[in-house]
Amino acid sequence: MADLVRVAVDAMGGDNAPFVTVKGAVDAIKESDSLKVFLVGQEDAVNAELAKYEYDKNRIEVVNATEIIEMAEPPVMAIRTKKDSSIVKAMYMVNHGEADAYVSAGSTGATLVGGQVIVGRLKGVDRAPLAPLIPTEKGNSLLIDCGANVDARSNHLVQFAKMGTVYMENVMGVKNPTVAIVNIGAEEEKGNALVKETFPLLKNCPDINFIGSIEARDIPAGFADVIVCEAFTGNVILKMYEGVANSMMHIIKNSLMSSLKTKIGALLIKNDLKKSLGNYSMDKYGGAPMLGLKGLVVKTHGSANDVEVKNSILQCVVFTQQKISEKISAKLSPEA
């Protein structure tokens, strides 16, 4: 049991909780022998869901939390006043060393505030960004930041680039990952004040593989492994990405079902098409880790299904076993 990665899951967070959170947890421990999951939430509701499944009862434990932080609640006030909520109790488990990681599909605001206040930033880290993997033609890229720091400064973006490099090298196994900053053109002199100030800092940073600017249209082609931006831009990119993917799925489906000829063709290519489109599903990548904290915090979509919850839990294993927090701390330490 000492070697297991312990993940505290906000069992009440998300549009479809606790059904998807419980099923995702059960499927995760069946897929990995290296996990123990704490389902933090209203125990009667969580136990009622668990009763539907056969699972190793030594590797899933219910931790009672009587309160729920709703999506629309002011996050700072909710964290302060709802001490017995599933989000707060799960984060304190990470803070107290009772869990190695936290996963939630619940309130993004409360997760961001709790990550900073309860779990805490690593020494040398100025801001903790959210960094989801996004699918590309070449595999995937890390988008950093996508929602945590709307008003980031140039020194924050440099730290994001360093943290993203550590993540891609150690979690995704990308050797010397390329880093690019989101811009409106490839030329160095283009961009807003933040980009113009950050570009030379990244260019002169010796411990990242900076390749310059990247335009939004080049992100899906996989032109860079780490995509750096402040959270306003990153969130727009992420939401646009998801919206276009959903629209394309509907367009393809409607086209294939439009006539007898296309229906026959759809049957012939069904398996290959399903495999190709599956590579662009956000479910397979799990949630967005909040990098730069003393423990792992992972935020997944509020509308996450059980597959996304499962993969969010599973990604905690690699993150913890590879000691990503320690490696980020070493890279950003003032003494480094």
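**Surroundings of Ile68 and the packing of two helix pairs**

Leaving aside residues up to four places away in sequence, Ile68 touches Met12, Gln42, Glu73, Lys82 and Ser85. The model examined here is a predicted one, and in it Ile68 is placed in the loop that runs between strand S3 (60-64) and helix H3 (75-81). The relative accessible area of Ile68 is 24%, and the residue is therefore classed as partly exposed, given that buried residues are those under 20% and exposed residues those over 50%. A further relation across the chain is that between Ile68 and Asp84, which are 16 residues apart in sequence and whose C-alpha atoms are separated by 8.2 Å.

Attention then turns to the helices. Two packed helices are described by the angle between their axes together with the distance between those axes. For helix H1 (residues 19-31) and helix H2 (residues 43-50), the packing angle is about 55° and the axes lie 9 Å apart. Because of this angle, H1 is oblique to H2, and the crossing of H1 and H2 is right-handed. On the side of H1, the contact is made by Phe19, Val22 and Val26, while H2 contributes Val46, Glu49 and Leu50. When these residues are sorted by class, the contact of H1 with H2 comprises five nonpolar residues, no polar residues and one charged residue.

H6 and H11 meet at an angle of about 140°, and their axes are 10 Å apart. This angle makes H6 oblique to H11, since angles have to be over 145 degrees to count as roughly antiparallel. The crossing in which H6 passes H11 is right-handed. Gln159, Lys162, Met163, Val166 and Asn170 form the H6 side of the contact, and Ile324, Lys327, Ile328, Lys331 and Leu332 form the H11 side. By class, the residues of the contact of H6 with H11 divide into five that are nonpolar, two that are polar and three that are charged.

Terms used:
Residues numbered from 1 in each chain as written. Predicted model: local features only at pLDDT ≥ 70, side-chain atom pairs only at ≥ 80, totals over all residues. Heavy atoms only, no water. Helix = DSSP H or I, 4+ residues; strand = E, 2+ residues; numbered from the N terminus. Buried < 20%, exposed > 50% of the residue type's maximum accessible area, 1.4 Å probe, protein only. Contact = heavy atoms within 4.5 Å. Axes fitted to C-alpha atoms, helices over the stretch in contact; angles between N-to-C directions. Parallel < 35°, antiparallel > 145°, perpendicular 65-115°, else oblique. Left-handed = near helix turned anticlockwise from the far one by under 90°. Nonpolar A, V, L, I, M, F, W, Y, C, P; charged D, E, K, R; others polar.
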